[in-house]
Amino acid sequence: MKGSIFSCLQEMVEERHGIRVWNALLQVANPPNGGAWVSCESYPDEQLYALVDAMTTMFNLDKAVLLKEFGQYLFPRLHGGMPVRLPADTSLFDFLELLDNLIHFETRKVDPGARPPRITLVSRSQDVMVLRYESERSLAELACGLIEGAGKLFAEPVSASHELADDDEYPWVRLIVTRRR
Amino acid sequence: MGETDSDAPSLRSELDDYRIAYERERDARKRAERLAEQYASDLFKANEALNIKALETRVSHAQSQLVMSIVEYVQAHSELADVLPKLMDNILKVTRWPVGFCDRIDPVAGERSEGTLTFINGVVRAEIAALLRRSRGPIARLIDRRMLDTEQSEYVVELEASGMVLAGELQMIGLNHIVALPLRVSGKVHAIFYFVCPDARNDIRNTVVFLHTIVSLLGFLVENKQKTDLLNANYSQLQLAHRSLKDTQEQLMHTERLASVGTLAAGVAHEINNPVCYVKTNLNSMRHSWRHVSDELGLANDLVRCVIAAEWENAKQIANDLERMRVEHDQSLMLEDLHAMLEDCVDGTNRVIDIVKGLKQFARPSSPVKTPVDLNQCVLNALRLTTNELKYKANVTTDLQPLPALLLDRQGIEQVLVNLLVNAAQAIDVKGEIHVATEVVDGAVECRVKDTGCGIQPDLLKKIFDPFYTSKPVGVGTGLGLSISHSIIRNNAGDIDVESFPGEGSLFRIRFAVLP
C-alpha cells in the first residue's frame with residue numbers, strides 16, 4: 001500500500017478528530033516506522049489493516065462503514081494525482097468503465113510495484129452499473145466508498161454496494177452502482 | 001488574559017501531542033529527503049546513461065550515413081578518384097580528427113601514382129593546418145613501405161615512440177597518433193589513407209576498427225564494381241558474338257537454300273523447257289496459219305474496195321477467189337486451232353512465270369518473318385518446286401487434311417519441306433513411293449514425309465541432324481540440310497524427328513503446337 005493512502009487516512013482522522021486521536025491510534029496500531037509514512041513509498045497492507053482495526057475499536061464503528069467513509073474521503077485526493085487526464089465531459093459510468101483499462105493500466109506503468117484491483121464491467125444501464133471486483137486485498141467496502149466519492153466529484157451521486165456472487169467457477173464480488181435521485 | 005492553572009496540564013498535553021506529531025513528521029521528512037536524494041542520484045545516472053546512449057546513437061547514425069554514402073558513391077561513380085575525396089571529407093566529419101591524407105597507389109607498380117590529397121577538418125587553425133601539411137612527408141616515410149610490403153590492414157603509430165620528424169610539434173597540439181589504412185582491391189593496394197589523431201585517451205581503437213570496416217567495404221564495392229564492369233563488357237561481347245552467329249546462321253541458311261536451288265535447277269529447267277517447247281511449236285504453227293489469214297484478209301480488202309467503187313465484175317471474181325481460198329484453208333478449223341494454240345501459249349507462259357516466281361521466292365535472302373501460314377500451302381509449293389526431282393523417282397501421293405493457320409516463317413518451312421522431299425527422292429534407287437500427309441494430332445499440327453528409300457542405319461540416326469553430316473556422295477549434299485531444317489523447325493517452336501528402317505524407308509515427322 002502506498003504511503004499516500006496512509007497520509008490521507010491521517011489527514012481524515014486529524015481533520016475530523018484531531019492530532020491527539022491520530023497519535024492514540026498510532027500507539028494502538030504501533031507501526032514499525034512510528035507512523036512516519038512517505039507518500040511515494042510502499043508499505044505492508046497489514047499496517048493499514050492494523051490502523052483500521054484500531055479505529056473500529058476507538059470509534060465503535062463497523063469496519064465496513066469506516067472503510068466506505070475513508071473511500072469517499074480518499075477519491076478526490078487520488079483523482080488529483082491520476083496518471084491520465086480524462087476529457088471534461090467524461091461521465092461517472094464512462095469513467096468506471098475505463099477504470100481498469102486506462103487508469104489502473106497507467107498506474108501500473110508509472111509504478112510497476114502497484115497492485116490496483118481489477119474492476120471490469122458486467123452490465124450497464126441508464127441508472128445501474130454492475131462491476132466485477134477482483135483484488136487480493138478484499139477491500140470491496142473501500143472500493144464502494146471510492147465509487148461514491150467519485151460520484152460526488154463528478155456531480156452524479158450514486159450508491160455503491162457489494163455482494164458475493166456464486167454463479168461462476170469461483171465466488172466473486174459484484175459491485176452494484178445505482179444512481180441516487 | 002493569562003493562562004489559568006487548570007489550563008496548564010491541558011496545554012502541556014496538547015504540546016506533547018504536537019511534539020509527537022512533529023517528531024513523527026520530521027522522521028517522515030528526513031526519510032523523504034533521503035528518498036529524494038536517492039531519486040536525484042538515480043535520475044542523474046539515468047541521464048548520464050541516456051547521454052552516452054544518445055552520443056552512441058549519433059555516432060552510429062553518422063557512421064551509417066558514411067557507409068551509405070560510400071555505397072551511393074560507388075553506385076554513382078565509376079572512378080575511384082571521384083569517391084576518395086568525398087570519403088575523406090566524411091571520415092573527418094565523423095571522427096572529428098583534424099587532418100587526413102590520401103595517396104593513390106598504382107596497383108601494379110606499388111608506387112604513389114599521383115600527388116597527395118590533404119584534407120583539413122574545418123576547425124583547424126591556419127598555422128596548425130600548415131604544420132599538418134608539412135607532416136605528410138615524414139608520415140609517408142614512416143609508414144608507406146610497411147603498408148605496401150605487408151598485408152597489414154591497419155597501422156597505428158604512437159608519435160612519442162616513432163622518432164618521426166615533427167612528432168614533437170604534433171604532440172604539442174595534442175596529436176599523438178597516426179592511423180594508416182590501405183584500400184585493397186582484389187588484394188592490391190589502390191590507395192592509402194592516413195589520419196593524425198588526438199590522444200589515446202580518446203580511445204581511437206573503436207574508430208580504427210570502424211574505419212577498417214569502411215575501407216574494406218569500399219575495397220569490396222570497388223572490386224565488385226570492377227567485376228560487374230568486366231561482366232558487362234563480356235556480356236556486350238557475347239551479345240556481339242551472338243549477333244554475328246545469328247547473321248552467320250542466316251547466311252548459312254541462305255547458302256543452303258541456294259544449294260537446294262542448285263539441286264533443283266536441272267529439274268526446274270526441264271519444267272520450264274516443256275512449256276517453252278510447246279509455246280514455240282504453237283508459235284511456229286501460228287506463223288504458218290498467219291499466212292493464210294493474211295492472204296484471206298488481202299482478198300477481203302480488195303473486195304471491199306471494188307464494192308465501194310461499184311466494180312461489180314471484179315468484185316464477183318474476188319469473192320469467188322476468197323470463197324475458194326476459205327474452203328481450201330478450212331478457215332473455221334484454222335481459227336479454232338489458232339484460238340487453242342493461243343490459250344496453250346498463255347497457259348505455258350503462266351506456268352513458266354509460276355515456276356520462276358516460286359524459285360525466286362525460295363531463293364530470296366531474307367530474315368525469318370512469322371506470319372499466319374497454311375502448312376498445306378507450303379507442302380504444295382514445295383511439291384511444285386521439286387516436281388521434276390520427284391517424278392522420275394517416285395509416285396508422289398498426298399493426304400492433306402484441313403489445318404488451322406500457324407504462325408510460321410513460311411520461307412523457312414518450305415525450305416525444310418523441299419529438303420525433306422529432295423532427300424526422300426535421293427534415298428530411292430529405282431522407282432519408289434513418297435507420301436506426304438498433314439493432320440491435327442493431339443492438339444498439334446503434324447506433317448509426315450514418308451519414302452520407300454534405302455532408310456538410315458540406326459547408329460547414324462542420331463547424327464543426321466548434326467551439321468555437316470551427310471550420307472550422300474561427295475558433291476551431292478552440303479551436309480547442312482537436316483541440321484538447318486532442325487534449326488528452322490526449333491526456331492518456329494516445332495519439333496522434327498525421324499523413324500527409319502534400313503531397306504524399307506524413312507518417315508520424317510514435323511510437329512507444331514496449335515496456339516489456343
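**Exercise 1. Size up the contact between the chains**

The contact takes 14 residues from chain A and 15 residues from chain B, where contact means heavy atoms within 4.5 Å. This is a predicted model, in which local features need pLDDT of at least 70 and side-chain atom pairs count only at pLDDT 80 or more, while totals for chains, interfaces and linings use all residues. Residues are numbered from 1 along each chain as its sequence is written, chains are lettered from A and ligands numbered from 1 in the order in which they are written, and side-chain values use heavy atoms, with hydrogens and water left out.

Task: Work out how much area chain A and chain B bury between them, and which residues of chain A lose the most.

Solution. 
- Step 1. The size of an interface is often given as the accessible area lost when the parts come together.
- Step 2. Here chain A and chain B bury about 1,000 Å² between them, with 53% of it on carbon and sulfur atoms. Buried area is the accessible area (1.4 Å probe) that two parts lose on being put together, summed over both.
- Step 3. On the chain A side, Ile19(A), Arg20(A) and Asn23(A) lose the most area to chain B, and together they make up 41% of what that side buries.

**Exercise 2. Find the polar links across the interface**

Task: Count the salt bridges and the polar pairs between chain A and chain B, then say which helix of chain A gives the most residues.

Solution. 
- Step 1. The rule finds 3 salt bridges across the interface of chain A and chain B. A salt bridge is a side-chain nitrogen of Lys or Arg within 4 Å of a carboxyl oxygen of Asp or Glu.
- Step 2. Take Glu14(A) and Arg24(B): they form a salt bridge, with the closest N and O atoms 3.7 Å apart.
- Step 3. On the side of chain A that touches chain B, α1 and α2 each supply at least two residues, and α2(A) gives the most, with 5 residues. Helices (H or I, at least four residues) and strands (E, at least two) are DSSP runs, numbered from the N terminus.

**Exercise 3. Spot charges over rings**

Task: Which residues sit over the rings of Tyr73(A) and Trp172(A)?

Solution. 
- Step 1. A charge sits over a ring if NZ of Lys or CZ of Arg is within 6 Å of the ring centre and within 35 degrees of the ring normal.
- Step 2. Over the ring of Tyr73(A) you'll find the charged end of Arg77(A), 3.6 Å from the centre.
- Step 3. Over the face of Trp172(A) lies Arg132(A), at 4.6 Å from the ring centre.

Methods. Polar contact = N/O pair within 3.5 Å; in protein donor to acceptor, adjacent residues only side chain to side chain.
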